[in-house]
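Me: I am new to this structure. Please show it, and then let us go through it in short questions.

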Amino acid sequence: MNRQSGDFTLPGEAGYEKLTLELAEKWGADVIRDSDGTQLSKEILDAGYDIYSTVCIIRDHNEWLEKNPDKYQQSFLMSYPVMAEAAEVKIDIIDGFYKEQFLINASDDSIRYWEVFDRTQDEKVDDSNWSYDKKTGIVTVKNVKPFHYYTVNFLVYRIWEEISMYNHVTNNWDKEHLAPLDPRSEEAQAYLIDWLHNWCKDHESTNVVRFTSLFYNFVWIWGNDDRNRNLYTDWGSYDFTVSPLALDEFAKKYGYSLTSEDFINKGKLHVTHMPPTKKMKDYYEFTQRFVCDFGKKLVDIVHSYGKKAYVFYDDSWVGLEPYGPYFKEYGFDGLIKCVFSGYESRLCAGVDVPVHELRLHPYLFPVGLGGLPTFSEGGNPKKDTQDYWVRVRRALVRAKIDRLGLGGYLHLTQDYPDFIDYVAELLDEFRMIKKLQEDDVLYTIPVKVAVLHAWGSYRSWTLSGHFHETWMHTLIHINESLSGFPMNVDFISFEDIRDKGLDGYDVVINAGKAGSAWSGGENWDDSQIVTAIQKWVYEGGVFLGVGESSAWGDGQTYLKLGHVFGLDIDTGAKVCHGRYTFNIDEELNQKLIPEGVTIKKRDNVYLTNKDANVILEEGGIPKIVINPYGSGYGVYISEYEKTFPNMRMLFNIILYCSGYDTYDSFVADNIGVECAFFKKAQILLVINNTDQDVTTDIKVFERTKNVTLKPYEMKKLQL
């Protein structure tokens, strides 16, 4: 491929000017940026490149916060449970939490939101029966029941911003701990507006202000014990947005008050994997409205200085919601998403914003997020980059991305020339793909897929976090698989079915554990939903359920769509009932199941329709079933994890049940190879996703093409 330039953001570093400019030339950068912990020197600023400057608007204001200590960001915590041994129990409420992250907020405004609970019988303790000692940090609870467990819900200030905290620990920084400022109050907003005006004046060379999101970080609660440092992480939780002021304003707007227990939720909190409650939906909307209203003022300030405003969709993104109702109002000029996987590329590409940029991994740090070495002894950053790029590339081909970038300490790359060379190759591939996408139309199989869960389009292409944080959740493996399939994918909610039905979709996928947001929870208690889906399948639709799809309650069937699937799951109520025996449908098995498919069985799955087609089983338990239902199909898969054989199996089943030949044009017979056909130029991209040499046949219209590829290679074929 010919070496090209542009569409790449390079992290520069003062003190390494020669390296910065050499790599800018080699990698074809048109932009140089700073990163957390680095600065750009005058030599770099004057080198003729556009400049991105990073702004974390709520960080680096320690001097102001010391004078205004009630303006730290806050959160509710629940103390560790303590068992009462007598009629009185004492609870050290902050015990077990990372004291460098949290400071108890014992103001009068705060304490009026505190609550004490008898967790043994799930009962709130009357406020008259407990007291707090500010000197010791001890809550004393009187008139308790011996051998019951008690907890305290209390507010804390967050005195160390979590990304700063992580970067310090990862890089062994010896720097001031940066605290997060809460912009909810008028005083804080006035200060930040003045600060941003001064910042823009002081950064004349900056072309793009790169907001490191906006105000509130994803929730990351640390503990004191090294054996359990990460107490709680949720990429989509709003727990770090709370404060007495926010709760008071919420009550005025919505006409009812939220309590600490509405957030603590018996210690479970409200993870994104739970279906959202009415109260949480109201609070999310309330927070999003505030973040947008004040965020737009900051974007307008940036624009007033002739600079563009991009937002980094990670870190302090909570309330921003790029698929929410307010995102367009901000007026952002671009969105930057750090990516580990294909579905994150699709997430970025689908946002309504002029420029979409991916920040690639690995980050230029000595170690990665998992703690393993990257740019340090024992690390292999080229291999890490290949692994990430192969995941991202298959999705990037399907939906256009405008720019790529890196972040971190550029000097760490000096000892890894193979990494430097590979990034150059990677960028050539990207620029070639982008050029094709700008000038052409990508062939797509005419199958419209909808992924159904409780969040709907609000959580398009994501669950809660990166792939490495949500690997255990079935649906994220399905999202990752779908991200590179040549078909159109939407994300819909149960409300969408109630309001609009399912017309226009060929396949609906629903996957997850019973009661989760992804399976749907109590939405399956709505007969309107069940009836609408049954009618749609009966008239020709395909409903594909995975795991405990449609599981809810104690009805005639555990899976509410059991009749559609032709099977059910026994929770113990039918242990004495008979079971249909069955034979594998060998014809469908050979047609749809590639060698190497690995599907875990789910105990107690049994057929309810003797005519259902079992195409995979283990120990007499069905694992994959295709059940004719009227003119359509119900498909059940007991579990799903992304592997090349499993992805091809999912692809085959979708095509077969939708009425298309299993191997349509532009599908390679090697399961590790994918294709993208650009119609106008008659160009076929053939992509090897594996680390092996492969030879594959590809059906191209009425012909068959034989292609050989090196590990990870992508070839451009003129047809």
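Reply: Contact here means heavy atoms within 4.5 Å. This is a predicted model: local features need pLDDT of at least 70, side-chain atom pairs count only at pLDDT 80 or more, and totals for chains, interfaces and linings use all residues. Residues are numbered from 1 along each chain as its sequence is written, and side-chain values use heavy atoms, with hydrogens and water left out.

Me: Which residues does Phe332 touch, not counting residues up to four places away in sequence?
Reply: Sequence neighbours up to four places away are set aside. The residues touched are then Phe211, Leu214, Val299, Ala309, Tyr310, Val311, Leu320, Phe327, Val353 and Pro354.

Me: How many residues has the largest nonpolar core?
Reply: A nonpolar core is a set of buried Ala, Val, Leu, Ile, Met, Phe, Trp, Tyr and Cys residues joined through side-chain atoms within 4.5 Å. Buried means under 20% relative accessible area, exposed over 50%, and partly exposed in between, with a 1.4 Å probe and protein chains only. Trp27, Phe211, Phe332 and Leu404 have the most contacts inside the largest core. Its residue count is 208.

Me: Which helix gives the most to this core?
Reply: Helices (H or I, at least four residues) and strands (E, at least two) are DSSP runs, numbered from the N terminus. The top contributor gives 12 residues and spans residues 278–304. That is helix H9.

Me: How many residues of helix H11 are buried?
Reply: Helix H11 runs over residues 342–349 and is mostly covered. What covers its buried residues includes strands E16 (308–317), E17 (334–338) and E18 (355–359), along with H12 and helix H14 (474–482). The buried residues include Tyr343, Arg346 and Cys348.

Me: Which cysteine sulfur is nearest to that of Cys348?
Reply: A disulfide is a pair of cysteine sulfur atoms within 2.5 Å. The whole structure has 0 disulfides. Cys348 counts as buried because its relative accessibility is 0%. Its nearest cysteine sulfur is 10 Å away, and belongs to Cys338.

Me: How do the axes of H12 and H13 run, roughly parallel or roughly antiparallel?
Reply: Axes are lines fitted to C-alpha atoms, for helices over the stretch in contact, and angles run from 0 to 180 degrees between N-to-C directions. The axes of H12 (residues 381–396) and H13 (residues 417–439) come within 10 Å and cross at roughly 10 degrees. Angles under 35 degrees count as roughly parallel, over 145 as roughly antiparallel, 65 to 115 as roughly perpendicular and the rest as oblique. The crossing angle therefore makes H12 and H13 roughly parallel.

Me: Where is Asn265?
Reply: Asn265 has a positive phi of about 55 degrees although it is not a glycine. Asn265 is buried, because its relative accessible area is 17%. Its place is the loop between helix H8 (260–264) and H9.

Me: Which residues is Ser516 in contact with, leaving aside its neighbours within four places in sequence?
Reply: Ser516 is found in the loop between strand E22 (507–512) and helix H16 (527–538). Ser516 is buried, with a relative accessible area of 10%. Its contacts are His273, Pro275 and Gly521.
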